[in-house]
Amino acid sequence: MFLSVFDVFKIGIGPSSSHTMGPMSAANRFLELILSNDWPRPTGAHVAALKVSLHGSLAFTGIGHGTGRAVILGLVGEEPHAVDPDRMDGIIGEVERSGRVTPPGHPTYEFQPKTDLIFDKKQPLPGHANGMSFSALDRDGRLLLKRIYYSIGGGFVVTDTELEAMRSPKKSAGDAARIPYPFASARQMLDMARGSGLTIAQMKRANEETKMSSTELDAGLDRIWDAMSSCIDRGLKVDGIMPGGLKVKRRAKAIHDKLNEEWRSNRLNPLLANDWLSVYAMAVNEENAGGGRVVTAPTNGAAGVIPATVRYYLHFHDDATQADIHNFLLTAAAIGGIIKHNASISGAEVGCQGEVGSAAAMAAAGLAAVMGGSPEQIENAAEIALEHHLGMTCDPIAGLVQVPCIERNALGAVKAVTAASLAIKGDGTHFVPLDACIETMRQTGNDMSEKYKETSTGGLAVNVVEC
């Protein structure tokens, strides 16, 4: 089992990896398919118009998550990692005025967002809660091409056939031979670490270096951390009201200013570490809520936990190095890959335990690693953090990734640091294996009512006055 660190950590835009980045990427894929020869194009037929329908959680919370906007941006050829957040409103406004999209390399296609972009709340698609259908038609309205895509969390997008293949995987001996440490579970990871004498980060690095050079890997990790760190910095400088209609105020800047005053005055504050953790996480998720540039970690909704924990480590450990950041991210990605492989990181599939819970487990593992933890202590840290998010629902008010999401990231970071600290003080032996905790999360998600899985039809989303 191999999931690259750059699949886990992807640079994109807010507010949601599954509801914003995923649909934009699906639109990109559909445009590529139209130009390809991978579909039975009737002789003389030309695509003249496009239609899109959104289903399941994408339909229920798509407006608050900016899903429709993401589809439009994707259909004009914009990509999540490259789109300029400052230009998005203008691009979308032009499509709404003209009723057309002209992606690079394509002719102009008719696309009226008001009629050709449908939020279908009645008919979910069978593969996943985040389903969408893209159609291409000729000038007479005849259907030429249709594809179903699923946004399965963390910005990952698959077709219906790809999703089926993922659920019935056929192992490739060739692929397994090329990956020196193909651990698919925490138990396998620990066994391979003991057998090789390597750390989790070293094994993950060896796997990555079958795809790229060590220099390329380190440069990529630096880009990921630079994007995370820049997101924190932007969030600490901006105040005002976040978009969406809830009139939720940004708080990170004001809290940061107060913390800086305390820091300069040398006043004793027993909660100082927690306060810095919280403000870093909130800064990221306020940026995410505003549609800014963030890194999936492993999702946008949980994007603040890992950057906050890394920045906390850099803040309070004078001996921290760039290599520590690399090892943190590699270790975190190893844990995230195991969780995604065996359960889910999608709030629409298993609730927020799969988003903030997974992020906290990844952050706890990364922090334990750079604090000198053994593989067993690192696995213990991840388990502690995940265990204490089990059952957490995803119930964003008004479908916006603001309440309770922003504060939830802050608490996730606090839990991650606590979990790492507890694990480092032990010897790595513990009662509940990480694999058992991940399986429990999967089962809990399966049993959880759809009301609490990113549909905004239950929980806080319906119990707060005037929302």
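## Close-up views of a predicted model

View 1. Welcome to a predicted model, where local features need pLDDT of at least 70, side-chain atom pairs count only at pLDDT 80 or more, and totals for chains, interfaces and linings use all residues. Residues are numbered from 1 along each chain as its sequence is written, and side-chain values use heavy atoms, with hydrogens and water left out. Gly56 sits in strand E2 (residues 49-56); strands (E, at least two residues) and helices (H or I, at least four) are DSSP runs numbered from the N terminus. Leaving aside neighbours within four places in sequence, Gly56 is in contact (heavy atoms within 4.5 Å) with Asp120, Pro124 and Ala129. Gln123 lies 67 residues from Gly56 along the chain, yet their C-alpha atoms are separated by 7.3 Å.

**View 2. Helices H11 and H13 crossing.** Here the axes of H11 (residues 214-235) and H13 (residues 272-289) come within 8 Å and cross at roughly 90°. Axes are lines fitted to C-alpha atoms, for helices over the stretch in contact, and angles run from 0 to 180 degrees between N-to-C directions. H11 contributes Cys231, Ile232, Arg234 and Gly235, while H13 brings Tyr280, Ala283, Val284, Glu286 and Glu287.

**View 3. The largest cavity.** Look here for a space of about 140 Å³, in a structure with 2 cavities of 30 Å³ or more. On a 1 Å grid over the protein atoms alone, a cavity is a set of points where a 1.4 Å probe fits but cannot get out; a pocket is an open set with protein on both sides within 12 Å along at least five of seven lines, and lining residues have an atom within 4 Å of a point. Grid points are joined across faces, edges and corners, and a volume is the space filled by probe spheres set on the points. Of the 19 lining residues, Gly301, Glu355, Cys394, Val401 and Glu454 lie nearest the centre of the largest cavity.

**View 4. The second largest pocket.** This pocket holds about 380 Å³ of space. Its lining has 22 residues, with Pro15, Gly66, Arg69, Pro243 and Ala289 nearest the centre. Helices H3 (57-65), H4 (67-75) and H5 (88-98) are the elements that each give two or more residues to this lining.
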